[in-house]
Amino acid sequence: MASQRVFPLSCVVQQYAWGKMGSNSEVACLLASSDPLAQISEDKPYAELWMGTHPRGDARILDNRISQKTLGQWIADNQDCLGPKVKDTFNGKLPFLFKVLSVETALSIQAHPNKELAQKLHLQAPQHYPDNNHKPEMAIALTSFQGLCGFRPVEEIVTFLKKVPEFQSLIGEEATAQLKQSVSGDPGAVAAALRNCFSHLMKSEKKVVVEQLNLLVKRISQQVSAGNSMDDICGKLLLQLHQQYPGDIGCFAIYFLNLLNLKPGEAMFLEANVPHAYLKGDCVECMACSDNTVRAGLTPKFIDVPTLCEMLNYIPSPSKDRLFAPTRSQDDPYLSIYDPPVPDFTVMKMEVPGSVTEYKVLAVDSASILLMVQGTVTATTPTVQAEIPLQRGGVLFIGANESVLLKLTVPKDLLIFRACCLL
């Protein structure tokens, strides 16, 4: 039914082992709020909620007037709903996957390839790199969210090399000296020294890594037991990661990568070749449609250290520079726009006070997916007057150039996220 271009979706929950358990998970809470029949098991992890057309998690359409069962099937038959630019640029497919993540256990030291490298990796090892697309990502915190992102300033890394002899032992004296000498040098010398140091660490012999990590864990544990703070060497975080991944090389990556503690609404953008890891918390994530991830630690999955060390962007920067700030809309006082420098996706955040009785979701020249994080409304469109009830956890597909009027049925603040593609 081509005229029906706005409809609710039932989305797919992924129960990966690293997710938060039961009702501690924002994913589980959103699911329980949107579906009264949902049974939440407190002994199971609820890691991700997928909103999109991914083959392993194609959203189901909750509208009896539409014959197709999944969003992917419907878009294939109604490509004009994407908008003409999106349809032509992305070959008639939705170019993004929208998610909510609830992270309890650290989620791999990793990076994503650019399109050129993705094509090469897919040809060489399709079993590990299943497509030829890039995979830029945006993470926006829903709760306090901790992650690693990009290389620290060299001065910080040098300080850790002085304070953590176990770390310095894995890097080696020669690479350490090169890094120290590069501090006042040109960016090329800094990048070369940083690459050398990081590669030395990641390519260390497993036995030596375990030995040095055990020494460090013992030293930190003794100091903490004696009542001493080890914050200057991220002691609490190192013990946490070692407990999750004993003997893993990725535990030492905290001395190379910026530690970000995002407050709700703060974001980080993960472009190609930037090392990162999600450590703990709940976030909204949007990404290009790809499964290409190059991993090197803190994971039970396939590890590809040579590729990771070769591909990374070795440009250090302060942690504050890794925050991705939204812009405020000129047309809507309640709208913030997270618009990264990639064509695949943009995320909008709408914070509407409960004193407002109606709120208009503006039309854009792209299909979009809307997630209700807080609030209770009914949705109507100019083309279809039938009301669609939406509450916390509700998800709505909106075709290109369709506006939606939300009427608040409970006078409480709305928090809404919307993924689209603004070409």
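Modeller: We'll take the sheet, then a loop, then the helices, then the record. Keep in mind that this is a predicted model.

Biologist: Fine. What is the strand order in the open sheet of 8 strands?

Modeller: The order is S6-S1-S22-S19-S24-S17-S16-S15. The pairing is antiparallel.

Biologist: Which strands stand at the edges?

Modeller: Strand S6 (60–61) and strand S15 (327–328). Each has a single partner strand, so one side of each is left without a neighbour in the sheet.

Biologist: Which ones point which way from S24?

Modeller: Leu414, Ile416, Arg418 and Cys420 point one way. Leu415, Phe417 and Ala419 point the other way. Both sets are buried.

Biologist: How many bridges does S24 make with S17?

Modeller: S17 (residues 346–352) pairs with S24 over 7 bridges, antiparallel. One of the partners there is arginine 418 in S24, bridged to methionine 348.

Biologist: And how many bridges join S19 to S24?

Modeller: 5 bridges, again antiparallel. Methionine 372 stands opposite isoleucine 416 in S24.

Biologist: What about S19 with S22, how many bridges there?

Modeller: S19 (residues 368–374) and S22 (residues 395–398) pair over 4 bridges in the antiparallel sense. Leucine 371 has valine 395 in S22 as its bridge partner.

Biologist: New topic. Where does proline 353 lie?

Modeller: In the loop between S17 and strand S18 (358–361).

Biologist: What is proline 353 in contact with, leaving aside its neighbours within four places in sequence?

Modeller: Tyr334, Leu408 and Asp413. The C-alpha atoms of proline 353 and lysine 412 are separated by 6.9 Å, with the two residues 59 apart along the chain.

Biologist: Now the helices. Which residues of H5 are buried?

Modeller: In H5 (residues 154–163) they are Val154, Ile157, Val158, Phe160 and Leu161. They cover an arc of only 160° around the axis, which puts them on the same side of H5.

Biologist: What covers the buried residues of H5?

Modeller: The cover includes helix H6 (165–171), helix H7 (173–182) and helix H8 (187–202).

Biologist: Take H7. At what angle do the axes of H5 and H7 cross?

Modeller: Roughly 140°, and the axes come within 10 Å. The crossing of H5 and H7 is left-handed.

Biologist: Which residues meet between H5 and H7?

Modeller: From H5, Val154, Ile157, Val158 and Leu161. From H7, Thr176, Leu179, Lys180 and Ser182.

Biologist: Last thing, the record. What does UniProt list for residues 6–154?

Modeller: The unreviewed entry lists "domain: Phosphomannose isomerase type I catalytic" there. In the model, residues 6–154 are 22% helix and 29% strand, with the end C-alpha atoms 50 Å apart.

Biologist: And what does UniProt list for residues 337–381?

Modeller: "domain: Phosphomannose isomerase type I C-terminal", also from an unreviewed entry. The span 337–381 is 0% helix and 53% strand in the model. The end C-alpha atoms of that span lie 22 Å apart.

Definitions and conventions. Residues are numbered from 1 along each chain as its sequence is written. This is a predicted model: local features need pLDDT of at least 70, side-chain atom pairs count only at pLDDT 80 or more; totals for chains, interfaces and linings use all residues. Side-chain values use heavy atoms; hydrogens and water are left out. Two strands pair if DSSP finds at least two bridges between them. Helices (H or I, at least four residues) and strands (E, at least two) are DSSP runs, numbered from the N terminus. Buried means under 20% relative accessible area, exposed over 50%, partly exposed in between (1.4 Å probe, protein chains only). The arc is that of the directions from the helix axis to the C-beta atoms. Contact means heavy atoms within 4.5 Å. UniProt positions are given in the numbering used here, feature names are shortened, and annotations may be inferred rather than shown by experiment. Axes are lines fitted to C-alpha atoms, for helices over the stretch in contact, and angles run from 0 to 180 degrees between N-to-C directions. A crossing is left-handed if the near helix is turned anticlockwise from the far one by less than a right angle, and right-handed if clockwise.
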